[in-house]
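Here are some notes for a colleague who is opening this structure for the first time. Please read them with the model in view.

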Amino acid sequence: MNFERIKEKINILADAAKYDVSCSSSGSKRTNKNKGIGDSSGMGICHTYTEDGRCVSLLKILLTNHCIFDCAYCVTRKSNDIKRAAFKIQEVVDLTINFYRRNYIEGLFLSSGIFKNADYTMERLVAVAKKLREEENFNGYIHLKSIPGASDELMREAGLYADRLSVNIEIPSVKGLKLLAPDKNREDFIKPMEKVKNEIIQYKSEKKLIKSTPIYAPAGQSTQMIVGASGETDAEIMYTSAQFYKNFNLKRVYYSGYIPISYDDRLPSIGTEVPVLRENRLYQTDWLLRFYGFDVREILNKEHPNLDTDIDPKLSWALRNLQYFPVDVNKADKRMLARIPGLGMKSVYKIMNARKFRKLNWEHLSAIGLALNRAKYFMVCDSRNFETKDRTAAQIKGLILQESKSKFSKTYSNQLNLFDSNLPLTI
Ligand code: SF4
């Protein structure tokens with residue numbers, strides 16, 4: 001093995017892979033078997049974040065950064081004058097095993113530019129995973145990128161070796177995709193997602209009848225959207241997201257702020273990065289849709305097409321809908337408790353448990369560990385004083401911002417870590 005050349009390839013192909021943020025690993029139950037290598041069942045694997053919150057975990061590389069396409073937003077596009085490289089299948093297998101044995105990584109995230117055609121590329125990605133599982137007995141986490149346009153047979157095989165599969169939608173709207181990636185069409189993303197969804201359902205139902213049926217993509221499928229490259233509003237982005245969650249049972253949608261990398265009239269100019277705060281707000285909204293029972297139209301609509309930057313989306317919704325407040329914490333159902341700004345689902349369950357034994361007042365709520373600095377304006381309990389009184393939305397917002405001023409910046413910098421921790425957030 002030529003180590004210098006391998007080192008050079010790693011530099012090129014790991015650098016090219018860093019723009020893909022869809023690599024958090026969770027939900028897989030693959031355990032170590034036959035005295036093999038690795039165990040992805042413990043999870044918590046390979047989650048590290050750069051300062052700007054991007055995931056840089058796993059051995060995260062491209063198989064190649066050669067590509068026949070020319071998507072304007074992508075550093076790997078064929079017209080970009082950059083150093084190119086490609087790994088051989090065995091090289092990726094050896095690197096994964098060697099890094100794993102040295103405890104550098106706990107799994108592999110493998111993506112690729114498209115060389116020759118979709119099937120040729122997908123076949124090689126699958127071959128890496130197959131070799132790792134069958135020849136190296138590797139039971140660690142494998143996340144494979146699905147190449148848009150790959151055949152059904154290859155998608156089927158990919159899910160038998162990988163824990164998670166993902167196809168990146170990249171651009172949230174069809175109009176934006178046409179503008180920035182005219183060679184691609186939305187159908188090429190939809191088809192593999194549909195396939196993966198159906199295979200997961202089919203394998204699960206077969207497993208109920210025949211125990212030896214393998215598990216197909218146990219950590220499900222995810223996707224990534226680039227935010228800010230093609231001018232979509234937050235509403236357009238989140239509507240697309242909600243539709244994909246619903247139609248394809250996605251585990252996660254990742255939002256990646258576009259980093260301007262080229263001079264192109266179709267794209268934002270260099271130096272106009274999307275603020276990390278916009279990504280954070282989208283993740284918070286995503287969380288509200290998946291765990292707090294919100295419908296996307298409640299948070300984003302014609303009157304409110306973009307998320308507020310100074311307050312989180314749940315607080316924003318509550319201030320626009322004061323008619324639903326105050327919520328009586330001793331009587332309200334789970335759905336309404338979850339809508340109180342500042343209360344996470346853990347707090348909701350704490351309230352529901354505690355009120356079985358007594359009527360709760362402010363002291364009780366503090367004693368069970370609730371943070372009331374925001375919530376107190378939106379709820380009543382078995383105490384006389386009620387913080388909302390006749391205050392307007394603007395007054396409540398002012399008071400909350402004033403109170404949280406000192407904590408503000410600290411909260412934001414911690415937020416991304418929380419988003420991937422699988423813990424319900426307090427929003
Ligand atoms: S097909 Fe993928 S790798 Fe190739 S230019 Fe487009 S986004 Fe980049």
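**Notes on the ligand, the cavity, the sheet and the backbone**

1. The shell around the ligand consists of five nonpolar, one polar and two charged residues. Here Ala, Val, Leu, Ile, Met, Phe, Trp, Tyr, Cys and Pro count as nonpolar, Asp, Glu, Lys and Arg as charged, and the others, Gly among them, as polar. The residues in question are Cys67, Phe69, Cys71, Cys74, Arg77, Gly113, Ile114 and Lys184, each with a heavy atom within 4 Å of the ligand.

2. The model is predicted: local features need pLDDT of at least 70 and side-chain atom pairs pLDDT 80 or more, while totals for chains, interfaces and linings use all residues. Numbering starts from 1 along each chain as its sequence is written, and side-chain values use heavy atoms, without hydrogens and water.

3. Where does the ligand sit? The ligand is in the largest cavity, in the sense that more than half of its atoms lie within 2 Å of the grid points. A cavity is a set of points on a 1 Å grid over the protein atoms alone where a 1.4 Å probe fits but cannot get out.

4. Two cavities of 30 Å³ or more turn up in the whole structure. The volume of the largest is about 620 Å³, taken as the space filled by probe spheres set on grid points joined across faces, edges and corners. Its lining counts 37 residues, and Asp20, Tyr73, Cys74, Asn168 and Glu170 are the closest to the centre; lining residues have an atom within 4 Å of a point. By class, the lining has 19 nonpolar, ten polar and eight charged residues. At least two lining residues come from each of α1 (3-17), β5 and β6; helices (H or I, at least four residues) and strands (E, at least two) are DSSP runs, numbered from the N terminus.

5. An open sheet of six strands has the order β1-β2-β3-β4-β5-β6, with parallel pairing; two strands pair if DSSP finds at least two bridges between them. β1 (59-62) and β6 (252-257) are at the edges with a single partner strand each, so one side of each has no neighbour in the sheet. Strand β5 (residues 221-227) is joined to β6 by six bridges, and isoleucine 226 faces serine 256 in β6.

6. Two backbone details deserve a look. Phenylalanine 325 and proline 326 are joined by a cis peptide bond, with omega about 0°; proline 326 is in the loop between α10 (313-320) and β7 (327-328). Alanine 217, not a glycine, has a positive phi of about 40°.

Methods: 1 Å grid on protein atoms, 1.4 Å probe; cavity = no way out; pocket = protein on both sides within 12 Å on 5 of 7 lines; lining within 4 Å.
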